Amino acid sequence: MSDTFTTRTVHIATGDRETVTDLTGECEDFLREAAAGRDGLLNVFVPHATAGIAILETGAGSDDDLLAALHELLPADDRWQHRHGTPGHGRDHVVPALVAPHATLPVIGGRLELGTWQSVCLVDTNVDNADRRVRLSFLG
């Protein structure tokens, strides 16, 4: 593997509700240019205190199941000491402890090496911030 490093920031508008946003297409577009057929690693990082990156199946209910599980584990109520923003917003600051703000994935022959049903997703429970940045970095 050579020591080529390329990075790009993509902007994602998540809207005013909790979301799981599929980033796989953005990752593949980036790798077509950055990897140019090489093997390496893709790092996906969201530099926000209230969002994470998950690898999961989308479109078959798993994305909604993840949001439901986070709601059950981290209810949006007044128990949180972090108290600015929408009521229950303190829970959003705990989400990255459960859904890490990054993922590092193998790239083989310039292509993202995911399982058949896996997608790279931004998990965002913070309805107060609809403008997200995601940094894609290729080392190969």
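This is a predicted model: local features need pLDDT of at least 70, side-chain atom pairs count only at pLDDT 80 or more; totals for chains, interfaces and linings use all residues.
Is H89 buried or exposed? With a relative accessible area of 4%, H89 falls under the 20% cut-off and therefore counts as buried.

The H89 side chain makes a polar contact with the side chain of H93, at 2.9 Å. Once neighbours within four places in sequence are set aside, the residues in contact with H89 are T50, H82, H84, N126 and D128.

## A36

A36 lies in another loop, the one between α1 (24-34) and β3 (40-45). Its phi is near 45°, a positive value in a residue other than glycine. A36 has a relative accessibility of 53%, over the 50% cut-off, so the residue counts as exposed.

## Nonpolar cores

The largest nonpolar core contains 22 residues, and L23, L42 and V44 have the most contacts inside it. At least two residues of this core come from each of β1 (5-13), α1, β3, β4 (51-56), β5 (102-108), β7 (119-124) and β8 (131-139). The largest share, four residues, is supplied by α1. In soluble globular proteins, nonpolar side chains tend to be buried together.

What does L23 touch, not counting residues up to four places away in sequence? The residues are I12, V44, I53, V120, C121, L122 and V134. Apart from the 22-residue core lies another core, of eleven residues, including V20, A54, L74 and V99.

Terms used: Residues are numbered from 1 along each chain as its sequence is written. Side-chain values use heavy atoms; hydrogens and water are left out. Buried means under 20% relative accessible area, exposed over 50%, partly exposed in between (1.4 Å probe, protein chains only). A polar contact is a pair of N or O atoms within 3.5 Å; within protein, one must be able to donate a hydrogen and the other to accept it, and residues adjacent in sequence count only if both atoms are side-chain atoms. Contact means heavy atoms within 4.5 Å. A nonpolar core is a set of buried Ala, Val, Leu, Ile, Met, Phe, Trp, Tyr and Cys residues joined through side-chain atoms within 4.5 Å.
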